[in-house]
Amino acid sequence: MIVVMKPGCAQADVDHVVDLIRQYGLKDHVIVGTDRTVVAAIGDKRGVDMSAIENAPMVDAMVPILKPYKVASKEVKQEPSVIDIGNGHTIGGKRFAVIAGPCSVESEKQLMQTANAVKAAGAIGLRGGAFKPRTSPYEFQGLGEEGLKLLAKAREETGLSVCTEVMSVTQTDLVAEYADILQIGTRNMHNFNLLAAAGKTGKPVMLKRGWSATLKEFLLAAEYIINEGNQNVILCERGIRTHEQYVRNTLPLAIIPAVKNESHLPIVIDPSQGTGHAYMVPSMCKASLAAGADGLLIEVHPDPEHAMTDGAQSVTTDSFATTMDELRKIAAAVDREM
Ligand code: PEP
Ligand code: MN
């Protein structure tokens, strides 16, 4: 249920509604919009009669939420969410946000070289896995905490916000100590305990779509994070499994307008996992911006041929800079800022 407050209501009126919702044993989410504040009441409402709230001071209306996802839905918030990712950077709204970096953190030299190059080309964030979810247990698993320390160092040097993956509940606090954005990988989108743990940190969460998840399941996964009181969720489309062989994953860009229709959360596109081939990445970057995405998560490597993970889909620092120049032209044409 959404409790819609009258324009000009005071904080005390909102607090009173929040109190009532809590007394009914439900969870409250206060969403302050540009002209209205609403309070969403979430939880099992069987046996709960909330109707008396309509008489509380400055309550305008009670509206049921019809969608299966509640707080991620546009029903509770019409205007797009803008997420603060630290270091003066945001994702969502008019700005097109580019987060770029290696698939894995491999060494100080590799990371600093990449960080400086993507920063110079106009990225606002640095990606890089310290803990890597590998299909084979015999492949490089990441540098662990040493990788996190290198990411923190790169942030200090460049001012980029750091996005890195957290793979388990027990790693959450450690990764949150170093990262600005916690990435939840495609393999973990259905790991509901991990979603809740990431939510509890209060840090922005980059939630990747499960490679076989529906849009509804994707938004319900976001809901697990928001229900911990953390509204800082960034959705990331990284491609889905199909029978196609010419790509590693099939990248469904139609999810951009679909998400915009359903949710106020920002959506970024990962064209690297989304295609598996570096030569396809620039085209998909440009298409994503033209289609209304809020940003990109791109794999960039100073020497892709010798990358320890995902070399085939990593673009060079030069190719990244060229793509950024092209993106700036498209951004101007579609009234976006970069
Ligand atoms: C990655 O970003 O390197 C990664 C492992 O992504 P995904 O979880 O989408 O496969
Ligand atoms: Mn990768």
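Visitor: Which residue is the bridge partner of Ile 99 in E14?
Guide: Leu 297 is the bridge partner there. Keep in mind that this is a predicted model.

Visitor: How many bridges join E7 and E14, and in what sense do they pair?
Guide: There are 5 bridges, and the pairing is parallel. E14 covers residues 295-299.

Visitor: What stands opposite Ile 99 in E8?
Guide: Gly 125 does. E7 and E8 also pair in the parallel sense, over 2 bridges.

Visitor: And where does the chain go from E7 to E8?
Guide: The path runs through helix H2, residues 108-121. This β-α-β crossover is right-handed.

Visitor: Is E7 buried or exposed?
Guide: Buried. 5 of the 5 residues of E7 are buried, so the strand is largely enclosed by the rest of the structure. Ala 97, Ile 99 and Gly 101 cover one side, and Val 98 and Ala 100 the other.

Visitor: New topic. Which protein donors does the manganese ion (ligand 2) have?
Guide: They are Cys 103 (SG), Glu 299 (OE) and Asp 310 (OD). They lie 2.1 to 2.4 Å from the ion.

Visitor: Where do Cys 103 and Glu 299 lie?
Guide: Cys 103 is in the loop between E7 and H2, while Glu 299 is in strand E14. The pair therefore ties together parts that are 196 residues apart in sequence.

Visitor: Are those two buried or exposed?
Guide: Cys 103 is buried, at 3% relative accessible area. Glu 299 is buried too, at 0%.

Visitor: Last one. What domains does the chain have?
Guide: The assignment gives domain 1 (2-63) and domain 2 (83-333). Their C-alpha centres are 35 Å apart.

Terms used
Residues are numbered from 1 along each chain as its sequence is written. Chains are lettered from A and ligands numbered from 1 in the order in which they are written. This is a predicted model: local features need pLDDT of at least 70, side-chain atom pairs count only at pLDDT 80 or more; totals for chains, interfaces and linings use all residues. Side-chain values use heavy atoms; hydrogens and water are left out. Domain bounds come from an automatic or database domain assignment. Buried means under 20% relative accessible area, exposed over 50%, partly exposed in between (1.4 Å probe, protein chains only). Helices (H or I, at least four residues) and strands (E, at least two) are DSSP runs, numbered from the N terminus. Two strands pair if DSSP finds at least two bridges between them. A crossover is right-handed if, with the strands pointing away from the viewer, the path from the first strand over the helix to the second runs clockwise. Donors are N, O and S atoms within 2.8 Å of the metal (3.2 Å for Na, K and Ca); water is not among the atoms, so sites may look incomplete.
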